[in-house]
Amino acid sequence: MHFGKHLQIDMLHGPIIGPMILFALPLAMTGVLQQLFNTADVLVLGQFVSTEALAAVGNNSPIIGLLVNLFMGVSLGANVVIARFIGAHDLKETIRAVHTSFLLALIFGVLVAVIGELMARPMLEALSVPTSVMPLAETYLRIYFLGMPAIGLYNFESAIYRSRGNTWMPLQALAAASGLNVVLDLLAVLVFDWGVAGVAATTALSNYLSAWILYRGLCHEHGIIRLEPGAIRLERSYAKEILRIGLPAGIQGMVFSLSNLVIQAAINSLGAVVMAASTAAFTIEINIYVLLIAFGQAVTTFVSQNYGAGNLPRCRRVTQLGLLVTMVVTVVLSALACIFADPLLALFNDNPAVIDVGRIRIYYIIGFYFLCVFIEILSGAMRGYGHSLPPALLMLVTVCGVRITWIYTAFVAEPTFATIMISYPLSWAATVVLLVFIYLFYRRHITARKVLI
């Protein structure tokens, strides 16, 4: 399955907004399809199995989100490094970085799978998962972990394609895998009555399909990102640079999920109805947030290529236009989600009590997504310059600090679902204020050929 050069976007010359949108939209659709893996599981189990099965999968969402964010973040290191070499027109360095990225992804995926299997039960216990749903939750999580090597490979392979300006190939691969996942989910539940275990297994299998399609695509590429199986090796200098940039980005993504683990434990204390409502609302909100992530990654890649080419004015223009376009898109989608909250929630569970609680989450979280535009775009620009540690450390202090402190103080005083949800916009507002100052401070110290320090 080969896609020609017409799908590769020129990030170094000409207009910015049009190419950025063309880059980001397939990436956003890819993010939606990635979430569809979990969404399909939630829909099928919620509609055809039981509320307990829905709650079991919902309890796993923060853990799965944490690991997926880790893979996505670390793969951004490969994206930045390869894009920078492409911008500098360094063929030899690009080829070596591509092959190192592939092997690093495989090693990383296997390592996470092993650790996940060992820590599955303790992680669920840390979330205070009720005993009534613990067996189902553990079954789903352990089977899901078997697909971690595929998730790692897919994200790194996608990063390789993105660095060249091709976001369509990852979308095509995931579309095929998502279609398979939906069909197999329905077969597993309606025909074979395999329940939670069957749904988890079909999801893991579908992840391997998406990774395989991209692997075959890279092996048949005709450009500088072509993958030669015999040339795959881990070169220390490239792996070190990928991890130097990628790990902080992964940590930044994980920070949101880590704080969500504490929040999920608080949600669980409020009962099965609240758990089910939160799961349904989370599924809606994450499918909108992927748009913010897509534009953030577009800014990262555009900045990285232009930084490699030494064009700093264009780097800054990319950031400015990225903020503008992302804000417009986010405000429109957030308004639509808030207006149509009830029918959207009813797609997952038509229980009036579930809809009432889920509406609270949509208002408090999606209604304040405009704050996240600054977080994703400014931190994305900093990653593009090759410096992703400052925003990651900031997230650790503000997002985790504010949310965890809020849960152990305000929620203890008033243990309601609305009290939990307020912690989200509060943590985002604190992050935005500090991140703007950090970005402006570091931007002033950029020179033509130095990494942002």
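## Contacts and overall form

Let's start with how the chain meets itself: of the contacts in the protein with a separation of 6 or more, 84% are between residues 24 or more positions apart. The model behind these values is predicted.

The secondary structure is helical, with 15 helices and zero strands. The protein has a radius of gyration of 21 Å, close to the 22 Å that the globule rule gives for 453 residues, so it is as compact as a globular protein of that length.

## Burial, surface and charge

Of the 453 residues in the protein, 58% are buried.

Next come the charges. There are 25 positive and 21 negative side chains in the protein. The centres of these two sets lie 17 Å apart.

## Aromatic pairs

Now for the rings. A pair of aromatic rings is described by the distance of the centres and the angle of the planes. With ring centres required to lie within 6.5 Å, the count comes to twelve aromatic pairs. Take F23 and F302: their ring centres are 5.9 Å apart and their planes stand at 90 degrees, so this pair is edge-to-face. Which parts of the chain does the pair link?

A second example is the aromatic pair of F85 and Y238, which is edge-to-face, with 6.3 Å from centre to centre and 75 degrees between the planes. F85 lies in helix α2 (residues 51–87) and Y238 in helix α8 (residues 236–268), so this pair ties together parts that are 153 residues apart in sequence. Both F85 and Y238 are buried.

## An aromatic cluster

Aromatic residues also gather in a group. Which residues form one aromatic cluster? They are Y289, Y369, Y424 and W428. If you have the structure open, these four side chains can be picked out together as that cluster.

Terms used: Residues are numbered from 1 along each chain as its sequence is written. This is a predicted model: local features need pLDDT of at least 70, side-chain atom pairs count only at pLDDT 80 or more; totals for chains, interfaces and linings use all residues. Side-chain values use heavy atoms; hydrogens and water are left out. Rings of Phe, Tyr and Trp (its six-membered ring) pair if their centres lie within 6.5 Å; planes under 30 degrees apart count as stacked, over 60 as edge-to-face and the rest as tilted. Helices (H or I, at least four residues) and strands (E, at least two) are DSSP runs, numbered from the N terminus. Buried means under 20% relative accessible area, exposed over 50%, partly exposed in between (1.4 Å probe, protein chains only). The radius of gyration is taken over C-alpha atoms; the globule rule is 2.2 Å times the number of residues to the power 0.38. Contact means heavy atoms within 4.5 Å. Lys and Arg count as positive and Asp and Glu as negative; His and the chain ends are not counted. The place of a charge is taken as NZ of Lys, CZ of Arg, CG of Asp or CD of Glu.
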